[in-house]
Amino acid sequence: MRFTFIMLAWRNIWRNRKRAFLTISSIAASLFFVLFLRQMQFWTYDFNIKNTVSGSVGYLQITDSSYVDEKIIDNTLTSDQIDLNKIKEIEGVSGVYTKFQSGALVSTGLKSRFAAVNGINPLTDNKLLKLDRKLKKGTLLSPDDKAILITERMADYYKVSVGDTLVLMGQGYHGYTAAALYPIKGLLSFSVGDFSNMVFMPIKEAQYMHVAENRFTHVLIDLENSNDLPEVEKQIQKELKDPLLKLRTWMEVLPGLKQGLELDANSGLIISAILYMIVGFGIFGTIVMLYNERKFEFGVLSAIGTGRSSLIFITMTELFLLSSIGVLFGNLVAMPFLYYLNNNPIELGGEAAKAIIDQGFEPYLGTGMFLDVFLANSLAVLVIAAIASTYIIFKLIKINPIESMKQ
Amino acid sequence: MNTIIKIAWRNCWRNPLRTSIVILSIALGIWSSIFLMGFSTGLVNQRVDKMIHLEIGDIQIHSTTFDVDGDITNTIENIEALAKSLKSNEDIHSYSARFKTEAYAVSPHGQMGVKLLGVDAIAEQQVLNLETRLLEGTFLESDNTYPILVGKKLAEELHLRMNSKIQLNFTDPNTMQVSKNFKVCGIFSAGNEAFDGTTVFVPKETIQRIIGSVPIHEIIIKTKNETQADLLAANIQQKHPENLIESWKTRYPEIAYGVEMMDSTMYILMSIIIAALLFGIINTLTMSILERKKELGILMAVGMKKWNIRLMIVFESLVYGIVGGPIGILLGYLTMQYFGNKGFDLSGFGEGLESFGYDPMVYFEIAPQYYIIYTLYILFATFIGGFYPSRIATKLNPIEAIRSI
């Protein structure tokens, strides 16, 4: 019996091909737009976190608890305080890196400017920070170099190039002055503003310059998958025996970035809500028409003894099939576009790029292939369809065969 | 013609529920477009406004070499003549000449690179309204010989409070490194982390004491009529070609571009919303035609011309736009009035917004022409929306149509 009903529902859909086609395409089109918008936003979210977070801040970072609001060399760590190998073994952790970050006045002749100083481990960081791709001139560092990499913007400002020397002056450990002369080994180009004044040197040399041998400012933990963050955080917390250590997620380190991204995601939610509202009205309109069109038929069926529950079952099946086909098409049509942009993100140029950088994001446009975005939005459409269908349920419950058959 | 319009109007109301749904969805579509537009315009304009009034002024003057070299010797040329002409210019409200250099700020709790501005407190307050954003202290009014005004973000980073000491290091014109201790006399919050974290103000006299002169690197100007800033900048530039005179739009193109980008984003969103609406309109009209096959067949059989039938259906579609559009516009207008006065609270995102210079309270704004643009847009859309269904109608065969149930 049920099978017959499902067959009936299926045939009902195709009684009016044009309408079926229009309804399906309106659902599919709206889902397509929403998917595109949301996948693009979540991709941006993910991409920005990966780029700004994974290399410099870390999904998770361990610091001395005093370093949290006082970022000075006195508040650094030593390797005796943490067992890094144990953390490396935790599932989901793709890398553990010690970092030395500070700042110094960089000058030559009349020109001096403050720059962030980054002590990096050339063996791992060249890849992690994508320095190989960002190198515009010269060569990358090797671990024992007594040399620095600077940004192209700094080179323009100081009018220097590879082979020239810059003076660095900052504060070292326990009141020492950190001052040194370094030759430039290479020039880097970063798109986002925060990196515009940045000096890179081997971590060993940075520790030496700051009179802080074997100390580092933080331990950066990279993850295989950002979704594992809460679980990994718990595991690491267990390993941290020293009460002076503080484990923080990137969200705690950079609350501004987190909120900026959330705001962006929320604005997307509002736009999706508007589109869904319009889709909802579209579906509701279809349902109202469907009922009016078949009022007579429903009356006849009811009069010859078809139960109300059966009528409701057939109609609901029909509507469910209709919206499912729409959802399926929406996903299928969106997929190739999303897949393409996922593999080939567009790099923006010119003023548009500057405006995006001005907002603190990287000037790239791409789309994600996040399963939960596909599922959540598909489900949203089905729920909207279900809510709209309640109209026909009420009408069918109250159906009066005699009235309905009067044309 | 009149008859056709009348028939179309009545046709629409033969099924009031269905028509109402379409009209309501059009109204909501328009309303949400206005809402988004008003919100984004308010957000972006407030940011630009804030930056002009608290951070950058309407027009800025630098030496032509300032952006290239950017060191302490790139001072403004011919400063006396320039000052004289600025003073006598009637379109200028006020101007402030500043000493500006990169400095390295150190406190016992940290270090930061900052832009050191040596200013005349009175002139500066006439151009910028930063004194309205003081959290503590005064705008450089202090008994101290070396007072300094710092931003909230910098104060947080370096753990500065009122009367805290902060050391500034910079290179003087003779390539000597100078360093001097200043005492915090005030803390401001312009609500933009980039500015609050990297800008410090000191009185010109302190610069005089430290390096023996006050080189001027930057002049910021407040105009009497903000909209004429571009023109005025070009005017001054013509008279003083030895310096670089730029309106904020030229100096900070990324801020100006943000406004433009928002505009195009809004058009794209509007088009997506209209596209979604179009499906609804076409769907509804197609339905109503298939329902009326018999009737349309009779109309054709009794001699109604095909293009009259098409016209009738296009008019039906237009009714949706003509009724739904104004309702949406009215709703939108009321929303604009409400949130334009009361503001829309986004303080839940306070820090994220502030780090990019946005205000957490957004006052909606919309250029009036958008009401007209949106109305025309929706009328055009409903007109187009009537075409496909009307084609179905004219393709009917009268005999078959009459026979159908």
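Modeller: Two residues are in contact if their C-beta atoms, placed from the backbone, lie within 7 Å. Keep that cut-off in mind. Remember too that this is a predicted model.

Biologist: Let me try it on one residue. Which residues does B:Ile273 touch, not counting residues up to four places away in sequence?

Modeller: In chain A, B:Ile273 touches A:Ile274 and A:Ile278. In chain B, its partners are B:Gly29, B:Ser32 and B:Ser33.

Biologist: Now the nonpolar cores. Which residues touch the most other members of the largest nonpolar core?

Modeller: The general idea first. In soluble globular proteins, nonpolar side chains tend to be buried together. Here, the largest nonpolar core has 116 residues. A:Leu275, B:Ile273 and B:Ala276 touch the most other members. Helix H2 of chain A, residues 17-57, gives this core its largest share, 16 residues. There is also a second, separate core of 95 residues. Among its members are A:Tyr182, B:Ile61, B:Ala121 and B:Leu244.

Biologist: On to the contact between the chains. How many residues does the contact take from chain B and from chain A?

Modeller: Chain B supplies 55 residues and chain A supplies 56. Look at the side of chain B that touches chain A. The elements giving two or more residues to that side are helix H2 (16-56), strand S2 (92-107), strand S3 (110-119), strand S6 (165-171), helix H10 (253-291) and helix H13 (350-355) of chain B. H10(B) gives the largest share, with 21 residues. By type, this side of chain B divides into 27 nonpolar, 21 polar and 7 charged residues.

Biologist: Next, overall form. Is chain B spread out or a compact globule?

Modeller: Chain B has 15 helices and 12 strands. Its radius of gyration is 31 Å, well over the 22 Å that the rule gives for 405 residues, so chain B is more spread out than a compact globule. The spans of its C-alpha trace along the principal axes are about 100 × 45 × 30 Å.

Biologist: And what radius of gyration does chain A have?

Modeller: Chain A has 31 Å, whereas a compact globule of 407 residues would be near 22 Å. Its C-alpha trace spans about 100 × 50 × 30 Å along the principal axes. Chain A holds 14 helices and 14 strands. Of its 407 residues, 42% are buried. In chain B, 48% of the 405 residues count as buried.

Biologist: How are the domains of chain B divided?

Modeller: Read the bounds, then the distance between centres. In chain B, domain 1 takes 2-52 + 255-403, and domain 2 takes 65-241. Over C-alpha atoms, their centres are separated by 50 Å. For chain A, the assignment gives domain 1 as 2-52 + 258-405 and domain 2 as 72-216. The centres of these two domains of chain A are 50 Å apart over C-alpha atoms.

Biologist: Let me take one helix. Which residues of helix H7 of chain B are buried?

Modeller: An α-helix has 3.6 residues a turn, so residues three or four places apart point the same way. In H7(B), residues 204-211, the buried ones are B:Lys204, B:Thr206, B:Ile207 and B:Ile211. Down the helix axis they fall within an arc of 155°, so they line one face of H7(B). These buried residues pack against S2, S3, strand S7 (177-188) and strand S8 (199-203) of chain B. Just after the helix, B:Gly212 takes a positive phi of about 85°.

Key. Residues numbered from 1 in each chain as written. Chains lettered and ligands numbered in written order. Predicted model: local features only at pLDDT ≥ 70, side-chain atom pairs only at ≥ 80, totals over all residues. Helix = DSSP H or I, 4+ residues; strand = E, 2+ residues; numbered from the N terminus. Nonpolar A, V, L, I, M, F, W, Y, C, P; charged D, E, K, R; others polar. Rg over C-alpha atoms; globule rule 2.2 N^0.38 Å. Buried ≥ 20, exposed ≤ 12 C-beta atoms within 10 Å, placed from the backbone. Domains from an automatic or database assignment. Arc of directions from axis to C-beta. Core = buried A, V, L, I, M, F, W, Y, C linked by C-beta atoms within 7 Å.
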